[in-house]
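This report examines selected structural features of a multi-chain model. The sequence and structure are shown first.

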Amino acid sequence: MENKKVLVEVKNLKQYFNVGKGNTVKAIDDITFDIYKGETFGLVGESGSGKSTTGRTIIRLYDATSGNVIYNGEDVHGKKSRAQLKDLNRKIQMIFQDPYASLNPRMTVADIIAEGIDIHGLAKSKEERMKMVYDLLETVGLNREHASRYPHEFSGGQRQRIGIARALAVQPEFIIADEPISALDVSIQAQVVNLMKKLQKEKGLTYLFIAHDLSMVKYISDRIGVMHRGRIVELANSDDLYANPIHPYTKSLLSAIPLPDPNYERNRKRVVYDPTVHDYSKEEPVLREVKEGHWVLCSEDEFSKYKDEYKF
Amino acid sequence: MVKLLEVKDLYVSFFTHAGEVHAVRGVDFELKKGETLAIVGESGSGKSVTTKAVMGLIPKPSGLIKKGEILFEGKDLAKMKESELQNVRGKEIAMIFQDPMTSLNPTMTIGKQIMEGMIKHQKVSKDAALKKTIELLDLVGIPQPELRVKQYPHQFSGGMRQRVVIAMSLACNPKLLIADEPTTALDVTIQAQILELMKDIQKKTGVAIIFITHDLGVVANVADRVAVMYAGKIIETGTVDDVFYNPQHPYTWGLLASMPDMDSKGDELFSIAGTPPDLIAPPKGDAFAARNPFALKADFELQPPMFKVSNTHYASTWLLHPDAPEITPPDAVLKRRNLRTKAGENRGK
Amino acid sequence: MDKAQNEKQLKINPELFQPAEYDPSKVEVITRPSLTFWKDASRRLLQNRGATFGLILLTIILCFALFAPIFSSYKYSDQNLRHAKLPPKMPYIEKLGVMDGKDKDGFDWYATKKVDKYYYFGTDDLGRDQWTRIWTGARISLLIGLIAASVDLLIGVMYGGISGYYGGRLDTIMQRLVEVLMGVPYLIVVILFILLFEEPGVLTISLAMVVTGWVSMSRVVRGQILKLKNQEYVLASRTLGSPDGRLIFKHLLPNVMGPIIVMTMFTIPSAIFAEAFLSFIGLGIKPPLASLGSLVSDGYKSIRTYPHLMMYPALVISSLILSFNLVADGLRDALDPKMRK
């Protein structure tokens, strides 16, 4: 990994939400990770694990409680001039989860896709703007006749592709995909994932792929971070993570995924995660590198235990 | 085994301002006692509508069972009056919905909600009902059921709520349980628990289950038999091994091949292009033909009948006709055939 | 599986077993005709019988209010004491035995007083033509409703929009202020406001209703904005770098339009109604000008002897309020996004 360039650095990021008096929800509790240029970084976790909040905080939809997000050497959350902000908005884009909520029902597809073009003044004339829209529609596998229609006329998969076209309109480098396929039917999921892979190859995009569907995440990601209760508990190369999960939570998560293979399902042994196995009374756990590129959230004792167990 | 439910040539339509939506177009299936049938399909394939028809829950006047019989222990539910249906619903056939929060009344204790059906259908005393309720909560794995009966839905977590819903559905010892995407709203670890629970309950009570889902992993886990629906029709049906290891319909191929398995990487996923047809004007012939790279000319012209593959396995595609040309299915499907031989070997041991 | 057939029984033209052409680009075609939101909503509105009826009724009343005073041969303020308190008499209809110039005892006042003119809805105690007065009154009532509703709309949308959009401390302060306003009895505010002016006119009465009336509109708008601003399409626009103005005018307002329109449609009749009430307690429009409310209030005084003086304005005001409510109800159903698929 040494030769790879770090594109996004997330450093000690914290995001607390106030819910009523004195009650804070630690949606993200001190997470640190890097995303390399050109890779797909998968972030998995169950609902409430903070994975979506992480994505939204990185793109500044939320202001971080503390910590930094550094994009290409530049602090995303620091004070910014309007021009700097606009520049960041073009470089970092987002694809959303719900294809029914992510498109404004009162706008035509052309206006939705051209939104970024309009905001950033990327087209010099109306003709150029429409040409860009048509090109984008074709890129995501739709045709130009669709431009004048309204979102409710499209199926979930088509809408998701419109959402991708909207993000692509500003020629971003880094795309945060927040559960982009969770709301889609199985046959449509593959369409969207294939499209994302194709676009990555053609445009050299970097993805942060957030999902709870672990099989798809493994397929698309180079590296994966597993989140649980606002913290990253394990971070590794995706093959390595699936082959040798170390943290007990990861193990339980992996053992719970149902696979479309009846025989495997009949013999599946589910591992149950019991948070009381950790003894963190003496020290707070931190991410430690158990083997090269494979990080686990653990205490000093657990660290040596894991190291013994996983001598590769 | 005895047939519990038999659905014959079922047609259901909805009347919208845009026209008549042919949601279910000639569905046949049967269910034996104590068996789990999974109905798989995408949204809009008619899987939910089919089971709603069984429950007599097609909203009137916008929806209508146009044709067909729904024989439950020999009685035709499609011709029953609403008052008769109410005796079947909840008592003989129970239903579990996707969202546990909306199927529970937030202003009533869960104990009361479970007892309600029991007192209505079985005419038991309050004390007996309470005792049974506590037993049920215990059965579905809720700790300290004596205390929990007095609590309200919001005091339960998502997974626990779904357990309560399951307990509620079991209150009158139904013979058939219809579960409409019961785990879709849950996290994978909770989903695994609920699936285990349902299998466990089936073992203990012998209830037959119709399980509606779009998640093929879940199907492989729970089902004995599978029916794959597309555009209002069952296009393939068989035992879970038949369908997962020897799929015949190109749509089933597409579904199975579009899911990545744990060791495929980098290569493009097989995907089905396009979207399901608009059921206001269902296409003539095989509804899947336009999206089917293996389609024959016949698929565009004629509705393929159910061809028999084996005694348990049927599929509706012209590719199974003896005159049809040989076609090589996608790699992922070929791989599955090997998996089956492995599965056979394992069972042999 | 009874439907499963033996393969050999099927005889099919072997040509059909040729592989068909597969063109994945064709499968993205959408067959249904394109419908914009407003087209869809208006069609839904017209399918609603109540709303259609309300719409027709409303149009009729509007036409009369607009044109009847213009084409009438009397002015609303023209007095003719000789012709006072005449019962209604309408050409053609008089032959049916109603509106024939006879009072409830069957006494023909037109013949007695030797009046050869027609007073369609009769005359009041000063001999003013009720027909002209009622439709002029309808104009005034509608005007009050429209002014009140549009000022409500303006203030309510701005206040609710700002409060909901910016949120945080500003929202807290603005909402406390609204609660204080809500706490003051509405009638007291209105009456005090009117008493500030010697002669209450259309504008004062309308504004008096706005003093507290905009609060409910602002609440509706705030609630909608709060809900919408976390919708993914708004977030998407923010990640694209949309300035506030674009977010508000392109994404938020068009999607709050439905509830705003419905709310306005409900405000108009309630303003008309409130004005009628004010007239009843003597704080309404001052004569010779009349509103539907003041006509009813005047007529009420002689309801036993001259029922027509109260009946006709009451009929018009009821139909007007009913038609507005029917249309508003229909609009609510037509614009409700939950009904859309």
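The structure is a predicted model. Chain C contains 11 helices and zero strands, and its elements accordingly read α-α-α-α-α-α-α-α-α-α-α from the N terminus. The chain has 341 residues, of which 47% count as buried.

Contacts in chain C between residues at least 6 apart in sequence are made up, to 73%, of pairs at least 24 apart.

## Aromatic pairs

Over all chains, the structure holds 15 aromatic pairs. One of them is formed by Phe307(B) and Trp318(B), in an edge-to-face arrangement with 5.7 Å centre to centre and 65° between the planes. This pair links distant parts of the chain, 11 residues apart: Phe307(B) belongs to strand β11 (residues 307-308) of chain B, whereas Trp318(B) lies in the loop between β12 (314-315) and α12 (331-348). Phe307(B) is buried, because its relative accessible area of 0% falls under the 20% cut-off. Trp318(B), at 2% relative accessibility, also counts as buried.

Trp131(C) and Trp135(C) form another edge-to-face pair, at 5.8 Å centre to centre and with 80° between the planes. Both residues lie in helix α4 (residues 130-166) of chain C, four residues apart, or about one turn of the helix. An α-helix has 3.6 residues a turn, so residues three or four places apart point the same way. The relative accessibility of Trp131(C) is 12%, and the residue counts as buried; Trp135(C) is buried at 5%.

## Aromatic cluster and charges over rings

In chain B, one aromatic cluster is formed by Tyr230(B), Tyr251(B) and Phe288(B).

Chain A provides charges placed over rings. The charged end of Lys197(A) sits over the ring of Tyr219(A), 4.6 Å from the ring centre. Lys218(A) lies over the face of Tyr242(A), with 5.7 Å to the ring centre.

## A nonpolar surface patch in chain C

A nonpolar patch on the surface comprises Tyr186(C), Leu187(C), Phe277(C), Phe280(C), Ile281(C), Tyr300(C) and Ile303(C). Together these residues have about 640 Å² of accessible area. Helices α6 (186-196) and α9 (244-280) of chain C each supply at least two residues of the patch.

Phe280(C) is located in helix α9. With a relative accessible area of 43%, Phe280(C) is partly exposed, because this value lies between the limits of 20% and 50%.

## A mostly covered helix in chain C

Helix α10 (residues 292-301) of chain C is mostly covered, with seven of its 10 residues buried. The buried residues are Leu292(C), Gly293(C), Ser294(C), Leu295(C), Val296(C), Ser297(C) and Gly299(C). Their cover includes α4, α9 and α11 (308-335) of chain C. Helix α4 is also the location of the pair formed by Trp131(C) and Trp135(C), and α9 contributes to the nonpolar patch.

Most residues other than glycine have a negative phi. Gln171(A) is not a glycine, yet has a positive phi of about 50°. This residue is placed in the loop between α6 (156-168) and β7 (174-178) of chain A. Glu179(A), likewise not a glycine, has a positive phi of about 45° and lies in the loop between β7 and α7 (186-203). Are these residues buried or exposed? Gln171(A) is exposed, with a relative accessible area of 53%, whereas Glu179(A) is buried, with a value of 6%.

Pro248(A) is found in helix α10 (residues 248-256) of chain A. The C-alpha atoms of Pro248(A) and Asp274(A) are separated by 8.0 Å, the residues being 26 apart along the chain. Leaving aside residues up to four places away in sequence, Pro248(A) touches Tyr273(A), Val277(A), His278(A) and Tyr306(A).

Methods. Residues numbered from 1 in each chain as written. Chains lettered and ligands numbered in written order. Predicted model: local features only at pLDDT ≥ 70, side-chain atom pairs only at ≥ 80, totals over all residues. Heavy atoms only, no water. Buried < 20%, exposed > 50% of the residue type's maximum accessible area, 1.4 Å probe, protein only. Contact = heavy atoms within 4.5 Å. Phe/Tyr/Trp six-rings, centres within 6.5 Å; stacked < 30°, edge-to-face > 60°. Lys NZ or Arg CZ within 6 Å of the ring centre and 35° of its normal. Patch = residues over 30% accessible without salt bridge, like charges linked within 9 Å, V, L, I, M, F, W, Y side chains within 5 Å. Areas by Shrake-Rupley, 256 points an atom, 1.4 Å probe, with all protein chains shown as cover. Salt bridge = Lys/Arg side-chain N within 4 Å of Asp/Glu carboxyl O.
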